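Welcome! Try each task yourself before you read its solution.

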Amino acid sequence: MKITDILSQDTMILSLKATTKEGAIDEMIAKLAEKGKINDSALFKAEIMKREQESSTGIGEGIAMPHAKTSAVNTPTVVFAKSENGLDYESLDGQPAYLFFMIAATDGANQTHLETLAALSRLLIHPDFVNKLRTASSTQEVVDLFDAAQGEAEEIPVESNTTSSQDKPFVVAVTACPTGIAHTYMAEDALKNKAKEMGIDIRVETNGSDGAKNKLTSDEIARANGVIVAADKKVEMARFDGKHVLQTPVSDGIRKPEELINKAVAKDAPIYHSNGEKDTSSDDGQKVSIGSRIYKDLMNGISHMLPFVVGGGILLAFSFLLEQYFPGAKDFTDMLGAISGGKTGAFMFLIPILSGFIAMSIADRPGLMPGMVGGLLAATSDAGFLGGLLAGFLAGYVVLGLKVLFSKLPKTLEGLKPILIYPVLGLLVTGGLMYFVFDPIFSKINLFLVDQLQSLGTANAVILGTVLGGMMAIDMGGPFNKAAYTFAIGVFTSTGNTDGAFMAAVMAGGMVPPLAIALATTIFKNKFTSDERQAGITNYVLGLSFITEGAIPFAAADPLRVITSCVLGSAVAGGLTQFWHINVPAPHGGIFVAGLANHAGLFLLSILIGTVISGLLYGFWKKAI
């Protein structure tokens, strides 16, 4: 497949009008929408901005490669754009960007498309080719340049990606970025080309969208002078135990290949230990705070738990609706209840999954099983959500302790660790401590907290609802949002399905931001571009569905006005749900579960009031175009 099959002339912009990063992104997205390459501009932009928040895709040398892989894309496409004067794209080298490649990949992008995108990315590390692109004066000339460059690349024999001499220094590397489309392969080629120039043998494993390729063997890792992990996402690390490992962002693999290779050859990097010590160091070798480490482990558990919450919660809500309005559909209702809640459905796994993946984040795979069992013990006792949190951290650190304790085991017995020592002793210690010590303690704590929450007076409940609602809008899917939602889930699972008071507060608070954005773009049309107004329409749907993330692109572009306005409206909405004693016995669903609320009309009114407050405040505050 030719690169120009996905980089076509009709999606090129040879003279960008934008003068800012946000403007350039909007202009390229507009071109994709104009040509029917995407079906949801707002969702696609949200994914683009999410990637930019992880690290700028302005890779330096005048090039920017914003990219996203999402269901909002109809056809894998690349927008090529040029800015004559350059613009500040927050590039990693601090210099203006002149050439832009916006990559739009489908969720189900096939192998051929992924390989073509990788080939395009690899061409962009060659300065001569980039200079020719900068001087191209027509779309046909751009097409000809890519066709010629791809033809030359295919004619060059593929060199072995392994060592050829025992006398040369030898380095192994892994490259990976969150989407695995562009930077992964650019870093691979940059490292390989520089190593060849320096007379150093190298093997590079890529962790791209199509999975791990050119996987490193244990012999290669053992022989290597050092290891380079140029990655912005988690990669398999236990295999590098005892090696000098240089962990760095994938962008450094593109921009600083010589520096990385020199450090790897000189063993100028910390020795990596697979017993969890890696989590205490950042990419530059400096200590990371305990709070950051705990947050990372906790979020790993929550992110794996959320599909069970969403899937089980919405199906549980449907079962309630059917039971209330269609009593004759009892068999179907019973089936929905069985697969979503109770002792057989998705809700049964909430706490075990949370605990298991917290433990896995701490101690890798050996922590998963004891963590899940510890969580199950908490779930089946009255220890509840708090006990499950403790079980996850307990299991993780118990397994870490076992790794340290048996680190001096003879090599001949190494194979016993993962299949016998860690699972048996990990389960015994974690399960024993949970059963005899922590479950009884947390049962009392949990029951006390539940009693206190259920006995809150109206004033105190309103204050708590206000705080929870406001937190949902502070970062719209980030740590504050997840903390509020997790608290409500904990109360929800502890008090049973008939008590969803604080779930009403967080759901209302989470629905307000996208609905407020939608309202503002509808009323104050002269203050928004046509693309923003189109995104605003999408936010009506996202808001009604309780998808707070729909407001992220607007918050990223204008954080002060958007976040301040949304927090105020969400806080009011959350407080009103408690003032009116509203319960929503479902942990997700938005407008689709409103009928389950004990005061459905007041629940919708709370959301409406919060939306109007935020929408009008943002609209009046925002400057006209």
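**Exercise 1.** In which helix is the place of L428?

*Solution.* Before starting, note that this is a predicted model, in which local features need pLDDT of at least 70 and side-chain atom pairs count only at pLDDT 80 or more, while totals for chains, interfaces and linings use all residues. Residues are numbered from 1 along each chain as its sequence is written, and side-chain values use heavy atoms, with hydrogens and water left out.

Step 1: L428 sits in helix α15, which covers residues 416–454. Helices here are DSSP runs of H or I with at least four residues, strands are runs of E with at least two, and both are numbered from the N terminus.

Step 2: L428 is exposed, with a relative accessible area of 58%. Buried means under 20% relative accessible area, exposed over 50%, and partly exposed in between, using a 1.4 Å probe and protein chains only.

**Exercise 2.** Decide whether the two faces of strand β8 are covered or open, then find its partner.

*Solution.* Step 1: In general, side chains in a regular strand alternate between the two faces of the sheet.

Step 1: On one side of β8 are D201, R203, E205 and N207, on the other I202, V204, T206 and G208, and all are buried.

Step 2: Because 8 of the 8 residues of β8 (residues 201–208) are buried, the strand is largely enclosed by the rest of the structure.

Step 3: The partner is strand β7 (residues 170–176), which pairs with β8 in the parallel sense over 7 bridges; two strands pair if DSSP finds at least two bridges between them. Within this pairing, V172 stands opposite R203.

**Exercise 3.** Check two spans from the UniProt record against the model.

*Solution.* Step 1: The unreviewed UniProt entry lists several spans as "transmembrane region", including residues 562–580 and 600–621. Such annotations may be inferred rather than shown by experiment.

Step 1: Residues 562–580 are 95% helix and 0% strand, with end C-alpha atoms 27 Å apart.

Step 2: Residues 600–621 are 100% helix and 0% strand, with end C-alpha atoms 32 Å apart.
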